[in-house]
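Student: Please take a close look at the aromatic side chains in this model. I would like the local geometry first, and then the setting in the chain as a whole.

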Amino acid sequence: MEFGKHIGKGLWAFADKALPAIYGVGFILLVIRVLPDSEYGAFVVVQSMVTIVTALGGSLALQPLTKFSAETKENGEYIVASLGLLAAFFALVSLVTVVGGGYLVSILLPTDDGKVAGLLRLYMPLLLFSGFYRIFATALLQASYAVARIFWIDAVYFLGTLLLIAWAGLVGRFSSASELLALITAGQALSTVLAVVLARKAMSVRKGYNPAALRQIWDFGKYTFGGSSIYSVFSQLDIFFISSFVGVAGVAVYSASKIFTRIFDMVAQVAQMFLVPYSSKTYREGGLDKMKTTAEKAICFSTILLLPVLLVMVFLPGPAMHLLYRGKYDHGALIVQIFGFIALITPWNVVLSNFIVGIGKAKETFYYAVLFLCVSAASFFACTRWFGVAGAAAAYVGSFLFITVVLFVYIQRFFPLSLTAVAARTRDFLMFVRHTLSTGRF
């Protein structure tokens with residue numbers, strides 16, 4: 001992959017993944033500063049569960065769709081199979097939530113008085129189905145690198161939701177977690193309407209349902225689902241342990257501090273947008289040398305770009321928290337400092353994980369993920385119980401480092417990758433910058 005040839009789409013991709021960052025800043029100003037800690041904490045618990053389910057649905061039905069669509073020109077059978085599988089999964093989760101949501105919340109949040117359980121039963125189905133076609137359309141468009149269309153779909157959701165929240169605040173109709181979840185549901189619905197319009201050409205398929213395509217989606221998706229299940233649980237496991245050991249007030253300060261990590265999520269999402277279809281096609285063509293070069297450059301370039309984030313989070317966490325929250329969460333500076341070290345891990349993790357998916361080794365990755373879940377669960381339990389919120393942050397970073405080392409060892413089976421080789425790509429980065437500055441072109 002020659003980065004210069006893809007810079008146009010790359011800029012659209014970064015613009016798209018900058019939207020969550022803009023949303024995060026707006027969320028701080030319009031939501032976190034406004035809602036009481038108990039309301040914000042309740043929202044975070046519900047939103048965490050919805051995020052897990054959405055990620056699981058994507059790994060089961062949408063990740064295989066992106067991979068197989070990138071490998072063929074006629075993807076109609078995969079579209080039909082993926083759409084049906086995602087709808088069935090969301091319907092099943094919604095049913096289970098309505099019936100047993102209260103029991104689940106009583107386990108995760110023993111101090112709940114029924115409020116969080118009520119929110120979960122109402123808004124889990126609404127949020128899943130208001131955003132159902134939106135996430136499907138973006139996965140389908142990703143396979144053909146239609147990044148500009150993805151940007152507009154996401155822009156309506158992120159910016160539209162912020163506008164709705166701002167309007168609700170101005171008219172005095174925003175003071176609770178329930179109202180916030182309702183506004184997010186409306187923002188997702190608006191984005192879904194646009195997704196129907198922008199993805200209509202990609203949805204023009206010649207072939208319909210094919211049991212063989214569904215079986216292929218399932219055979220690949222069940223392992224990506226398993227691996228993603230573990231990662232999704234890991235990414236929200238800290239919230240659940242904090243809610244159990246510390247309470248919703250601890251969830252509030254932790255989540256306010258963790259919002260800085262959204263920049264790392266942005267990098268991960270940009271990488272996935274390009275690296276999964278690229279590695280799928282390149283590996284099928286036998287281009288392991290090309291994949292090695294791309295991996296080295298991608299890790300090196302993204303590490304350099306994240307260095308300023310590392311410096312701010314590690315050396316200036318107090319001023320950063322005070323600037324964002326006006327002193328409300330100054331005691332979360334240590335948590336931000338701990339999270340800052342993720343800047344050094346993220347480039348390796350996102351490149352390696354996406355390449356392994358593209359290579360098609362989902363089954364092996366799942367087995368490693370099982371080990372990862374055991375280690376991270378034990379870490380969260382011990383660190384959160386003994387050291388509270390800061391301990392949860394340390395367990396998060398340590399577990400993330402562990403799985404990244406595992407992926408690094410595994411990728412050696414396909415091509416050699418080393419710290420030295422990645423560091424040497426700094427010369428390529430400098431040459432790229434000099435060329436850009438001297439010519440004014442990418």
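Tutor: Start with Arg134, whose charged end sits over the ring of Tyr157 at 4.3 Å from the ring centre. The charged end of Arg134 also sits over the ring of Phe158, here 5.9 Å from the centre. The model is a predicted one, and these distances are computed from its atoms. Both rings belong to one aromatic cluster, which consists of Tyr23, Phe27, Tyr40, Phe43, Tyr157 and Phe158.

A pair of aromatic rings is described by two quantities, the distance of the centres and the angle of the planes. With ring centres required to lie within 6.5 Å, the count comes to 25 aromatic pairs. One of them joins Phe89 and Phe90: their ring centres are 6.1 Å apart and the planes meet at 45 degrees, so this pair is tilted. The class follows because planes under 30 degrees apart count as stacked, those over 60 as edge-to-face and the rest as tilted. Phe89 has a relative accessibility of 13% and counts as buried; Phe90, at 1%, counts as buried too. The cut-off for buried is under 20% relative accessible area.

Phe241 and Phe380 form a stacked pair, because their planes are at 20 degrees, with 6.3 Å between the ring centres. Phe241 lies in helix H8 (residues 211–245) and Phe380 in helix H15 (residues 362–411), so the pair ties together parts that are 139 residues apart in sequence. Both Phe241 and Phe380 are buried.

Now the setting in the chain. The protein chain has 17 helices and zero strands. Of its 442 residues, 52% count as buried. Among contacts with a separation of 6 or more, 84% are between residues 24 or more positions apart.

The surface can be described in the same terms. The protein chain exposes about 19,100 Å², and carbon and sulfur atoms supply 68% of that area. On the surface, Leu311, Val312, Phe315 and Leu316 form a nonpolar patch, with about 400 Å² of accessible area together.

Technical notes:
Residues are numbered from 1 along each chain as its sequence is written. This is a predicted model: local features need pLDDT of at least 70, side-chain atom pairs count only at pLDDT 80 or more; totals for chains, interfaces and linings use all residues. Side-chain values use heavy atoms; hydrogens and water are left out. Patches are made of residues with over 30% relative accessible area and no salt bridge: like charges are joined within 9 Å, nonpolar side chains (Val, Leu, Ile, Met, Phe, Trp, Tyr) within 5 Å. Accessible areas come from the Shrake-Rupley method with a 1.4 Å probe; for residues, only the protein chains shown count as cover. A salt bridge is a side-chain nitrogen of Lys or Arg within 4 Å of a carboxyl oxygen of Asp or Glu. Helices (H or I, at least four residues) and strands (E, at least two) are DSSP runs, numbered from the N terminus. Buried means under 20% relative accessible area, exposed over 50%, partly exposed in between (1.4 Å probe, protein chains only). Contact means heavy atoms within 4.5 Å. Rings of Phe, Tyr and Trp (its six-membered ring) pair if their centres lie within 6.5 Å; planes under 30 degrees apart count as stacked, over 60 as edge-to-face and the rest as tilted. A charge sits over a ring if NZ of Lys or CZ of Arg is within 6 Å of the ring centre and within 35 degrees of the ring normal.
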